[in-house]
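Today I'm looking up salt bridges, a chain-chain contact and the nonpolar core.

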Protein chains: 4
Amino acid sequence: MTNYSDLNNWMTTSRIETLVDGIFAIAMTLLVLSIGVPDVSSALTEAAFQQQLGDLLPKILMYALSFWILAGFWRVNHQQFFFIKRSNATMITINVCWLLFIALVPFSTEIIGEFGSYFTASVIFQLNLFFAGVLYCVNWIYAVRKGLIDENLDEASQRMVTRTSMILPFLSLIALALSYYVFAWANLVYMAHPIIKKLIQ
Amino acid sequence: MTNYSDLNNWMTTSRIETLVDGIFAIAMTLLVLSIGVPDVSSALTEAAFQQQLGDLLPKILMYALSFWILAGFWRVNHQQFFFIKRSNATMITINVCWLLFIALVPFSTEIIGEFGSYFTASVIFQLNLFFAGVLYCVNWIYAVRKGLIDENLDEASQRMVTRTSMILPFLSLIALALSYYVFAWANLVYMAHPIIKKLIQ
Amino acid sequence: MTNYSDLNNWMTTSRIETLVDGIFAIAMTLLVLSIGVPDVSSALTEAAFQQQLGDLLPKILMYALSFWILAGFWRVNHQQFFFIKRSNATMITINVCWLLFIALVPFSTEIIGEFGSYFTASVIFQLNLFFAGVLYCVNWIYAVRKGLIDENLDEASQRMVTRTSMILPFLSLIALALSYYVFAWANLVYMAHPIIKKLIQ
Amino acid sequence: MTNYSDLNNWMTTSRIETLVDGIFAIAMTLLVLSIGVPDVSSALTEAAFQQQLGDLLPKILMYALSFWILAGFWRVNHQQFFFIKRSNATMITINVCWLLFIALVPFSTEIIGEFGSYFTASVIFQLNLFFAGVLYCVNWIYAVRKGLIDENLDEASQRMVTRTSMILPFLSLIALALSYYVFAWANLVYMAHPIIKKLIQ
């Protein structure tokens, strides 16, 4: 006989992972829509057409950067869920909130790609990444506190995952501050990610 | 020897779940397109740009609300299919109709996000959610009647899932009525979802 | 030691099914973009706004019809692959061609939704469905001929699946002919699908 | 006790494959958006409407070609990962870079579909495919060098996969050169793919 306490048993981690993988694949592919094809008349010279395409360069660079950052989020998520063995309603709520910010990245990428010279555009992009970053830190810390992770994982490794999860929101804060001075160039800060990761391991 | 009665054996619940997960991941990510990047001239002052972005606020709030509601549907669906063990042609038809309304949510979200001050826009959004909600109630009730659910599930739990499934369509009806007086503000009703869920358990 | 003949061993049916499920979920959800939000000024009266939305009705009906037809394709595909046990390079090619027409459905739906009063629009839509329908008939007939299906399946059932697979391309041909006289109304022919299916079983 | 070296154990090949399958399904379906519905007035004659649709023909052909090429990439990827048994951080990085170019294909398809008479448009498309092609060669060569592949795979087969992986980037180079003389017609080169594949086996 199955009693009521089992009504929440469906909340396995594999369910969350399927939704996460789907939303990441789509968000990463939708990024390409943020580039947009120039609306040029068909009577242009080759040189004029090239110049029009040249104007797309900042958008293409932002596409590549956002793709790279989303891939980074995806990797950290998979590292976390390799160790998270159980789930509950609160964890699903945390992850839904996290995905809400992940799915918002194509929007904020388009904003910063089109209006990179505005301080406000950069703030929106950095805040989007910052909240996404904070929420997956919260996810890991919650999982550790509630004993939802693999109990064979030693404490040093736990702390290592915690620290790795903190790099991205930390970089977002720096990029946010730098935005005031250098606008979209602040995004170069994210290049430091692999270096910092090597340093703290 | 496989006889003709087996021709419908492919209709396992896992097949439906794959389609459901895919459509949810995409619908939730497509919601972001409903926000839309403002079409401003590039010669704006920072303050004017901020004001343009401020106009997006109702759309961003509607994005967050719809994302949250879709995630709620996804959770109830997984709870239902954790107990549904068999499937048949009618159940697939019910689910296809249900998914038709789920995939429509990005459209009705864009309508209410852009035209929130119109009563009609709110009606469209609430009716969309109402039909989606009713169809998954139908799905569960059908599964119980036809004995497609886990036979170890006791009757109290069955009724609990039924009641949980009824919260959302019930809230849609209230929001529909309130739309007449407060337009898009009627959506605040959905905030009561977790509270009601706690109360009826 | 693995010899060269194994280089094609990766072509299991499960691989095709994953791609099929993904493309279906996306094509069915992208259909919603074919509706499009009206580009109205924000100073409309409620009645004028309702009239604008009323103009969307043919598009919404086409959305529902295409969603339903795609779901029908998805069901027949799963029925076929429940019995197809092996795959090869040619079968993958057939399926890729088939998916090319499936992924085209959101485009032809938008064409017929927007230009339903043109005979040409209806022809494009019907030809799209016809080629998709023919290709999955080809898929099944090829699988039967090459002995890629479950060898326990009796011949009567084989022929039944063949006949079921032929309903949709047959209806497309009728709709194509009717388009000349009744334009987009020809789509009502697809409503006969479940009835014919019952009759031939 | 799980020690730190296990923190990278989550990087199984199945994880990469899920992301790859998702991004391919979406990129292949998003291609359809590159066709675009003509923005005609509703007072056209049937003949004028047909002419407008006729202008879409190069875009529809480019859609079909890109769909076919992406399907080719997907097939080679699955062939590779059928033999790749282990993964590491570098391989994930290679695949993320590869997917970045795959997800870019809908954009470059739209560019060449709309501006096929410009040399530059063709260069962008060919370079996109070339980099995607090179990166999956790199993926296979890296996997072979680092011993991440099935150790039962004999050397002749290894080299065969290497050669098969090189066809597409090689064709891209030829198409790139031909673009200077024949613009978008250079794409006909890709038709040679199955023939070359037969020849080198």
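Predicted model: local features only at pLDDT ≥ 70, side-chain atom pairs only at ≥ 80, totals over all residues.

I started in helix α7 (residues 155-182) of chain D, where Glu155(D) and Arg159(D) sit four residues apart, so about one helical turn separates them. Helices here are DSSP runs of H or I with at least four residues, numbered from the N terminus. The two side chains meet in a salt bridge, 3.2 Å from N to O; my rule for that is a side-chain nitrogen of Lys or Arg within 4 Å of a carboxyl oxygen of Asp or Glu. Glu155(D) counts as exposed at 54% relative accessibility, and Arg159(D) is partly exposed at 48%. The cut-offs, with a 1.4 Å probe and protein chains only, are under 20% relative accessible area for buried, over 50% for exposed, and partly exposed in between.

Residues are numbered from 1 along each chain as its sequence is written, chains are lettered from A and ligands numbered from 1 in the order written, and side-chain values use heavy atoms, without hydrogens and water.

Lys59(B) is in α3 (residues 57-83) of chain B and Glu114(B) in α5 (residues 105-114), so the pair ties together parts 55 residues apart in sequence. Lys59(B) is buried at 15%, whereas Glu114(B) is partly exposed at 36%.

I looked up Lys59(D) too: its salt bridge goes to Glu114(D), at 3.7 Å between the closest N and O atoms. Lys59(D) is buried at 17%; Glu114(D) is partly exposed at 36%.

Then I turned to chains C and D. How many salt bridges are there between chain C and chain D? The count is zero. The contact (heavy atoms within 4.5 Å) takes 38 residues from chain C and 44 from chain D. Together the two chains bury about 3,500 Å², 74% of it on carbon and sulfur atoms; that is accessible area (1.4 Å probe) lost on being put together, summed over both.

Last, the largest nonpolar core, with 260 residues. I define a core as buried Ala, Val, Leu, Ile, Met, Phe, Trp, Tyr and Cys residues joined through side-chain atoms within 4.5 Å. Phe73(A), Phe73(B), Phe73(C) and Phe73(D) touch the most other members.

Notes. Helix = DSSP H or I, 4+ residues; strand = E, 2+ residues; numbered from the N terminus.
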